[in-house]
Amino acid sequence: MDVRRLMIADGSDVVRKVGKRILSGMGFLVSEAPSSLEALVRCEAELPNILIVDAGLDGALELIGNIRRLPEGASVRIYYCVVQADLKKMMAGKRAGADDFLLKPFDRKILTSVFAGQSMAA
């Protein structure tokens, strides 16, 4: 069984740190990217199994599209992170290639309910 790799692409240090602490505790190997560009560069080097992209990140939609165009990009589970259930934003995320959504601010309860059981590859 492989440990699953998860990347958090978010401009907020606090959000990345909190997410990393919670998700690492659930058994994920977590990497962080403070910008869309850095996230893309890291994904090109090593694709995560799961990517959390903050909707507020500059170039968030382009990042999702770029990941999808990578050779194995279709296999990444992408969560688009929105502050409230904003249908317009969510549809834009879906069109760009996001699989699912996460509401911010996320906490242990939200992350546990979404990612429990996903930290190990079958």
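This is a predicted model: local features need pLDDT of at least 70, side-chain atom pairs count only at pLDDT 80 or more; totals for chains, interfaces and linings use all residues.

**Entry 1: a helix pair.** I started with handedness: helix 3 goes past helix 4 in a right-handed crossing. On the helix 3 side, I find L61, I64, G65 and R68 making the contact, and on the helix 4 side A92, G93 and A96. I sorted these contact residues by type and got four nonpolar, two polar and one charged.

Helix 3 covers residues 60–69 and helix 4 covers residues 87–96; they pack at about 20°, and their axes are 8 Å apart. So I can call helix 3 roughly parallel to helix 4, because angles under 35 degrees go in that class.

**Entry 2: salt bridges, overall.** Why look for these at all? Because side chains of opposite charge can pair when their charged atoms come close. I searched the whole structure and got ten salt bridges. I went through some of them one by one.

**Entry 3: R68 again.** R68, which I had already listed in the contact with helix 4, also forms a salt bridge with D99, with 2.8 Å between the closest N and O atoms. R68 sits in helix 3 and D99 in the loop between helix 4 and strand 5, so this pair ties together parts 31 residues apart in sequence. I checked accessibility too: R68 has 21% relative accessibility, so it counts as partly exposed. D99 comes out at 27% and is also partly exposed.

**Entry 4: D10 and K104.** Which parts of the chain does this pair link? D10 is in the loop between strand 1 (5–9) and helix 1 (13–25), while K104 is in the loop between strand 5 (100–103) and helix 5 (108–115). That puts the two 94 residues apart, in distant parts of the chain. Their side chains meet in a salt bridge at 2.8 Å, N to O. Buried or exposed, I wondered, for D10 and K104? Both are buried.

**Entry 5: a pair inside one helix.** E38 and R42 form a salt bridge, their closest N and O atoms being 2.9 Å apart. Both are in helix 2 (residues 36–45), and because they are four residues apart there, about one helical turn separates them. I looked up both accessibilities: E38 is partly exposed at 29%, and R42 is partly exposed at 36%.

**Entry 6: a network.** I find D13, R16, K17, K20 and E32 linked in a network of salt bridges.

Note on methods
Residues are numbered from 1 along each chain as its sequence is written. Side-chain values use heavy atoms; hydrogens and water are left out. Axes are lines fitted to C-alpha atoms, for helices over the stretch in contact, and angles run from 0 to 180 degrees between N-to-C directions. Angles under 35 degrees count as roughly parallel, over 145 as roughly antiparallel, 65 to 115 as roughly perpendicular and the rest as oblique. A crossing is left-handed if the near helix is turned anticlockwise from the far one by less than a right angle, and right-handed if clockwise. Contact means heavy atoms within 4.5 Å. Ala, Val, Leu, Ile, Met, Phe, Trp, Tyr, Cys and Pro count as nonpolar, Asp, Glu, Lys and Arg as charged, and the others, Gly among them, as polar. A salt bridge is a side-chain nitrogen of Lys or Arg within 4 Å of a carboxyl oxygen of Asp or Glu. Buried means under 20% relative accessible area, exposed over 50%, partly exposed in between (1.4 Å probe, protein chains only).
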